Amino acid sequence: MITPKDESELATAVAEAQGPLRISGGDSRGLTGTGAQLSVAGLSGVSLYEPGALTMVAAAGTPVAEITAMLETERQQLAFEPADLRGLLGRGGAPTIGGAFATNSSGPRRVQAGAARDFLLGVRFVDGRGEILKNGGRVMKNVTGYDLVKLMAGAHGTLGVMSEVSFKVLPRAEFTGTLVWNDLDWAESLSVFQGAMNSPFDVTGAARLPGANGTSKTLVRLEGFETSVLYRLGQLQSRMPATPVDKLVTDAGESDALWKAVRDVAPFHDKAGAVWRSSVKPSDMLRVVDQVSGEHLLDWAGGLIWSMVDPAVDLRAALASVGGHSTLVRPGAGQDDVPRFEPQPAPLAALAAGLRAQFDPRGILNPGLMG
Amino acid sequence: MEMPQPDQQVIAKKASLIAALHEVLPQDAVISDPMETRAYECDALTAYRCPPMLAVLPSSTEEVSDVLRICHAQGVPVVPRGAGTSLAGGALPTADCVILGVARMNDVLETDYDNRIIRVQTGRTNLSVTGAVEDEGFFYAPDPSSQLACAIAGNIAMNSGGAHCLKYGVTTNNLLGVTMVMMDGRVVEIGGAHLDSGGLDLLGVICGSEGQLGVVTEATLRILHKPEGARPVLIGFDSNEVAGACVSDIIKSGILPVAIEFMDRPCIRACEAFAKAGYPDCEALLIVEVEGSAAEIDDQLSRIIAIAKAHNPVELREARDADQAGRIWLGRKSAFGAMGQINDYMCLDGTIPVSTLPEVLRRIGDLSKEYGLEVANVFHAGDGNMHPLILFNANQEGQLETCEALGAEILKLCVEVGGCLTGEHGVGIEKRDLMLHQYSAQDLEAQLRVKDVFDPKWLLNPAKVFPLSVTAARRQPF
């Protein structure tokens with residue numbers, strides 16, 4: 001394993017690489033290519049934190065846990081809730097901030113606060129030639145030149161190896177309330193999601209956790225100052241007379257556990273089966289659960305569907321008419337040759353291949369991972 | 001500001017180009033009369049003007065595709081144009097170019113409240129997107145000052161922001177999908193009604209690419225339900241430092257206002273003289289707006305007022321109703337008009353880390369004295385996006401040049417303290433030659449390589465964003 005200690009060593013490692021590199025941070029997310037492992041875990045540490053400006057700059061290999069702990073001292077947070085997939089994948093390692101952005105890992109608050117890519121303000125990275133490049137900065141509004149920051153977020157290391165990220169952080173809410181409905185059918189869950197999202201009450205999570213024996217919990221989250229959250233919880237319930245709430249969770253620990261379970265796909269931990277992550281138009285969720293037999297966990301008000309299915313099931317074929325796209329996050333037996341990312345229509349695939357050829361002309365950065 | 005010499009070989013093709021365009025567009029969609037092309041000679045950066053060779057006004061994605069295919073085949077540069085409200089010269093023509101205006105493409109194609117999206121043709125104005133959904137209680141969040149006039153196409157090209165993006169983000173955070181025509185006429189669909197598009201984030205790099213990667217003809221935009229209400233508080237301070245500290249404390253407290261606007265004394269005085277909003281004559285003024293139910297607003301405003309009081313404000317005025325809220329916003333919203341009445345002005349757009357606010361304002365004051373031109377500051381303080389307005393007299397010999405030189409110094413200062421050249425207006429031609437102050441040659445080369453992929457012949461808006469010296473080799477006639 002190649003483990004550079006700083007950015008210039010990283011650049012040298014890429015420049016001198018003779019073959020494919022498997023780019024990793026904490027190596028906890030399982031979405032890398034094949035080749036000699038190049039880990040940025042040695043590039044670690046927060047170099048700037050300005051709570052009053054809601055910004056932080058950190059080396060890409062900094063563990064998310066270290067960042068979260070530092071933010072906690074100022075009652076701030078990574079509002080995009082990056083997932084910790086170790087439980088789902090049965091992997092070790094410490095999730096890093098670079099990995100969170102490289103995979104554009106966005107949890108339940110995506111519906112309100114945005115995705116990881118929306119919080120990433122600037123990057124320093126090493127391209128496939130071994131050149132150190134930067135884009136963006138550490139300010140929240142920046143349209144100076146092309147937004148390569150967005151391009152790097154979600155590129156899974158295929159365009160460059162991030163060495164440093166600067167990003168926006170947000171205050172952590174003083175109070176959280178979660179409405180829980182037990183065992184709704186899918187259409188009822190969707191109706192609850194729509195009722196919540198199409199309200200003025202600033203919903204920060206709308207999800208559905210599968211339980212044992214076909215049970216489920218449909219969840220809606222509100223955050224803010226206590227009086228405000230309680231007011232909005234009441235208003236929301238009064239707008240949904242047809243689906244009375246089964247439980248109102250206002251205990252911080254209990255709420256936190258529910259949303260962490262959504263974020264980290266906890267119901268599928270320690271269970272066999274392939275796990276797919278599909279991003280669809282929220283109302284198309286009904287077609288997905290109808291057309292794909294298996295267990296489904298919903299996030300993003302129905303727009304994100306984690307499906308645990310028999311590895312023999314070709315989920316993409318089943319969803320061909322639905323639109324959106326699916327990622328094979330946890331392959332099952334016999335799925336080694338299934339592309340992890342949804343193959344794109346030819347014109348987009350050509351653009352992506354063109355960009356990869358520009359940023360990684362030798363094709364050594366996680367080759368083949370994204371097409 | 002230097003522009004490339006027009007290519008006479010391209011201009012020589014004018015007649016054959018007109019003939020080819022008439023085959024794919026209605027008669028009135030091809031504008032070639034020199035009197036009529038003058039309507040497209042500039043955008044809102046009026047100091048620079050050049051009529052294009054031709055202007056075309058297609059009405060559909062197919063027509064845009066036909067136009068681009070023809071121009072691509074003949075090697076003719078194309079400058080896309082939304083509503084022409086760019087302050088950076090993003091739509092400034094060259095004499096050998098075709099202006100491709102999307103103004104006729106302004107239909108709403110789909111509204112889907114269940115999925116909280118609207119799909120529009122991109123010639124539609126920003127405010128009319130909200131207009132199409134507000135009866136159902138929804139709005140489109142990005143709100144540039146020019147929202148009455150500016151087109152979604154331009155918003156996407158420049159990744160436009162607005163006063164309320166502290167909470168709701170800028171265009172890129174609210175754009176879910178596009179139909180885009182590439183320079184060679186191919187039509188691509190990226191993203192859609194789902195929240196994250198698959199593969200590489202092409203949508204992310206297209207947004208803000210200033211019309212250099214493709215012409216976006218249709219856009220899927222996220223719409224949000226309106227909050228129950230919103231009200232501002234006005235806070236006056238006798239020093240910029242204290243106002244800056246107050247902004248920082250508000251943000252740190254856990255309240256996330258939808259807007260924190262900051263005006264300095266020259267700006268306050270000009271606005272007051274113009275709008276008579278009843279602003280106090282003080283060093284710095286903050287307008288902080290929060291949203292929610294009446295009780296929630298009261299609660300948040302009382303927290304903000306408590307924070308402000310700890311900084312000994314000289315004025316504190318809480319809006320109790322819509323009328324009072326309107327009066328508080330009146331002066332701020334007329335800032336640009338007020339400046340325009342007393343002088344010509346140049347509006348800058350650098351962003352700085354919020355913590356450097358007092359230092360930057362002090363040094364802008366020093367530069368203002370050094371160059372002998374007054375500078376008024378109005379900006380989005382929550383996110384550090386400054387709008388220094390340099391006042392000058394365009395009719396006085398040399399003042400435009402002095403103004404531009406001062407503007408360049410102020411923008412370099414923004415970069416020096418850790419910020420950037422432009423927060424929401426774009427680079428265009430205005431800040432093009434300063435790009436090497438923010439980025440190394442290699443950093444810029446990485447951006448040029450992106451354009452190489454989308455537009456290998458460098459025909460789309462080729463003279464913008466990057467210093468001409470940097471792009472010269474790529475812009476050679478083909």
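**Reading the interface of chains A and B**

Biologist: How many residue pairs are in polar contact across the interface of chain B and chain A?

Modeller: In this predicted model, the rule finds 27 residue pairs in polar contact across the interface of chain B and chain A, counting pairs with both residues at pLDDT 80 or more.

Biologist: Which element gives the most to the side of chain B that touches chain A?

Modeller: That is α18(B), with 10 residues. Several elements of chain B each supply at least two residues to this side, including β9 (187-191), α10 (240-252), α12 (294-309) and α18 (441-454). By type, the residues of this side divide into 37 nonpolar, 34 polar and 21 charged.

Biologist: How many salt bridges are there between chain B and chain A?

Modeller: The count is 8. In one salt bridge, the side chain of B:R449 meets that of A:D127 at 3.9 Å, N to O.

Biologist: What is the area buried between the two chains?

Modeller: The size of an interface is often given as the accessible area lost when the parts come together. Here the area buried between chain B and chain A is about 6,600 Å², and carbon and sulfur atoms give 57% of it. B:L195, B:L200 and B:R449 supply 11% of the area that chain B buries against chain A, more than any other three residues. In terms of contact, 92 residues of chain B touch 75 residues of chain A.

Biologist: Which residues of chain B does the annotation "domain: FAD-binding PCMH-type" cover?

Modeller: The UniProt annotation, from an unreviewed entry, covers residues 48-226. Over that stretch chain B is 23% helix and 25% strand, with the end C-alpha atoms 40 Å apart.

Methods
Residues numbered from 1 in each chain as written. Chains lettered and ligands numbered in written order. Predicted model: local features only at pLDDT ≥ 70, side-chain atom pairs only at ≥ 80, totals over all residues. Heavy atoms only, no water. Contact = heavy atoms within 4.5 Å. Buried area = accessible area lost by both parts, 1.4 Å probe. Salt bridge = Lys/Arg side-chain N within 4 Å of Asp/Glu carboxyl O. Polar contact = N/O pair within 3.5 Å; in protein donor to acceptor, adjacent residues only side chain to side chain. Helix = DSSP H or I, 4+ residues; strand = E, 2+ residues; numbered from the N terminus. Nonpolar A, V, L, I, M, F, W, Y, C, P; charged D, E, K, R; others polar. UniProt positions renumbered as here; feature names shortened; annotations may be inferred.
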